[in-house]
Amino acid sequence: KAIVQLRNKLRAAQIQRKKPLKAAKLLHETIHEEVFRKYDIDAQFLDLFKDGRYNCVTATALYAVLLEELKLPYELRELPNHVYLVYAPETAAITVETTDGATGIYEADAASYGQFLTDLNKATPLEVQGKSTEELHEEYMADHEKGIDLRGLASDLYFNAAIQAANHEQLESALALIKKSVYLNRRANKVSTWASMLQLQLSDLDWNNLSSFEPLFALQYFPNHETYALDQIRKHFCFAANHYLIEENQLDYYLQIKEYFQENLHPELPRPQQQLQFVHDTHMGWHYLFVEQTDRACTHFDRAYRFNPDHLTVQAGIKSVVGVELLERSEQGILNAYTYIQEEHQKYPFLEQNEYFHELLVYGPFWVTIEAFETNQGEEGLAAFEQCRSILENGKDGSKQFDDMVGSFFGSASSYYFRQGDEIQARKWLQDGLAIAPKSAELVRKWKLLEDFYDN
């Protein structure tokens with residue numbers, strides 16, 4: 001209603017028939033007399049008609065609305081922290097400083113334009129002397145000034161409203177307003193402010209309300225913030241996996257969290273999706289290991305290992321799974337265990353770094369032979385012995401571990417032939433073993449026992 005009354009008053013004053021300078025002054029004087037009362041940097045557009053508070057954005061918006069209604073020519077200009085307009089840009093180029101009721105009209109000549117720059121604190125009186133309007137504009141305004149339309153001006157209104165809402169800690173309202181502002185006019189300062197508001201909401205993340213994580217996922221789409229956002233997403237997902245899956249064993253709720261995170265990750269950034277899947281597989285591996293479902297644990301650890309084979313937590317999980325499986329397979333026979341560790345070693349070469357696994361990998365053929373002789377399977381023992389020849393020839397290092405293995409190996413063969421009543425073979429196996437490992441306590445002991453038995 002107030003805008004209609006102002007429009008009608010200006011029409012009655014025949015503003016559309018006046019020359020540009022007179023028209024600009026009439027518009028300026030009428031608005032300041034009828035509407036504006038007090039400058040307030042935090043004023044919103046409706047405050048113009050409540051109590052007359054205004055600022056450069058709301059004031060310029062009112063000018064623009066009236067000029068649109070009157071179908072008079074104008075252009076909107078925006079500086080980083082200021083908005084104003086130019087009336088009749090094609091013919092007179094009269095600059096209108098909407099917030100200055102006393103001297104807000106500046107013609108296009110050098111003296112007037114220089115005064116405008118001085119009043120705007122862009123230059124000093126001395127700096128503007130002796131320069132043309134074009135030179136002054138090029139030097140002081142060209143790199144900072146941008147033309148905007150009503151859409152851009154509406155964006156500024158939303159932007160100021162968002163700042164005010166944020167200052168009053170109304171973050172939800174502030175986010176809605178800044179989102180509209182950026183939608184209407186995507187400027188770097190507005191995008192940066194929006195991102196800052198989103199970051200403020202990160203202190204309110206609530207695992208009982210997954211929608212509270214929306215600001216975090218929104219930050220993925222902001223330049224210079226995506227790395228921070230993705231780091232935070234990984235951090236929080238790791239916490240969820242560790243807390244809800246491992247500590248609390250709440251598998252169903254954890255899977256809800258995983259689904260929410262994966263659905264909200266930036267769809268055009270495959271690496272973060274892979275990293276979340278890696279975290280998921282690693283923790284699922286440990287979860288299934290703790291609940292004694294080693295087959296499922298192995299599936300997840302294997303997938304995590306293929307993504308990052310050097311990750312120590314994944315390697316530790318695989319070692320644990322292999323250790324559990326070895327215990328079970330050992331009950332089915334040492335050959336079964338040895339075959340299994342060979343297969344796993346092909347997939348996971350790091351297993352040989354473990355002392356127990358390394359011993360099984362190196363001396364597995366000995367253990368197969370020992371088991372065969374101890375269970376009176378002589379032919380199988382001799383067949384398995386053939387696999388041990390290269391180890392005996394190349395593995396002699398004088399270590400106690402090697403001597404002990406040789407002692408067990410040849411000692412079990414000698415005991416087998418002793419039980420078969422074959423003294424010659426019983427002695428031969430011990431002699432062959434002592435030739436390789438003369439310090440083997442096991443072989444020395446058995447040799448003495450053998451001599452005592454046959455001598456008596």
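This is a predicted model: local features need pLDDT of at least 70, side-chain atom pairs count only at pLDDT 80 or more; totals for chains, interfaces and linings use all residues.
Now look at strand 3, residues 74-79. On one pairing, strand 3 meets strand 7, antiparallel, over 3 bridges. On another, strand 3 meets strand 4, also antiparallel, over 6 bridges. A hairpin of 2 residues takes the chain from strand 3 into strand 4. In strand 7, arginine 77 faces glycine 147. In strand 4, its bridge partner is tyrosine 84. As a reminder, strands of a sheet pair through backbone hydrogen bonds.

Is strand 3 mostly covered or mostly open? Mostly covered: 5 of its 6 residues are buried.

Next, helix 10, residues 188-200. How long should helix 10 be? Its 13 residues, at 1.5 Å a residue, should span 18 Å. The end C-alpha atoms are 19 Å apart, so the two figures agree. The buried residues of helix 10 are Lys190, Val191, Thr193, Trp194, Ala195, Met197 and Leu198. Note that a lysine is on that list. Remember the α-helix repeat: 3.6 residues a turn, so residues three or four places apart point the same way. And what covers those buried residues? The cover includes strand 3, helix 8, helix 9 at 171-184 and helix 11 at 214-218.

One stop in helix 15, residues 294-307. Threonine 294 lies in that helix. Its relative accessible area is 13%, so threonine 294 counts as buried. What does threonine 294 touch, beyond its neighbours within four places in sequence? Tyr288, Leu289, Val321, Val324 and Glu325.

On to the aromatics. There are 37 aromatic pairs in the structure. Take tyrosine 417 and tryptophan 429. Their centres are 6.4 Å apart, with 15° between the planes, and the pair is stacked. Tyrosine 417 is in helix 20, residues 400-419, and tryptophan 429 is in helix 21, residues 423-436. That puts the partners 12 residues apart. Both tyrosine 417 and tryptophan 429 are buried.

Compare phenylalanine 453 and tyrosine 454. Here the centres are 5.1 Å apart and the planes stand at 85°, so this pair is edge-to-face. Tyrosine 454 is partly exposed, because its relative accessible area is 25%.

There is also an aromatic cluster. Its members are Trp207, Phe213, Phe217, Phe237, Phe239, Tyr244, Tyr253, Tyr254, Tyr260 and Phe261.

Last, two arginines over rings. Arginine 151 lies over the face of tyrosine 183, at 5.3 Å from the ring centre. Arginine 427 does likewise with tryptophan 447, at 5.6 Å from the ring centre.

Note on methods:
Residues are numbered from 1 along each chain as its sequence is written. Side-chain values use heavy atoms; hydrogens and water are left out. Two strands pair if DSSP finds at least two bridges between them. Helices (H or I, at least four residues) and strands (E, at least two) are DSSP runs, numbered from the N terminus. Rings of Phe, Tyr and Trp (its six-membered ring) pair if their centres lie within 6.5 Å; planes under 30 degrees apart count as stacked, over 60 as edge-to-face and the rest as tilted. Buried means under 20% relative accessible area, exposed over 50%, partly exposed in between (1.4 Å probe, protein chains only). A charge sits over a ring if NZ of Lys or CZ of Arg is within 6 Å of the ring centre and within 35 degrees of the ring normal. The expected span of a helix is 1.5 Å times one less than its number of residues. Contact means heavy atoms within 4.5 Å.
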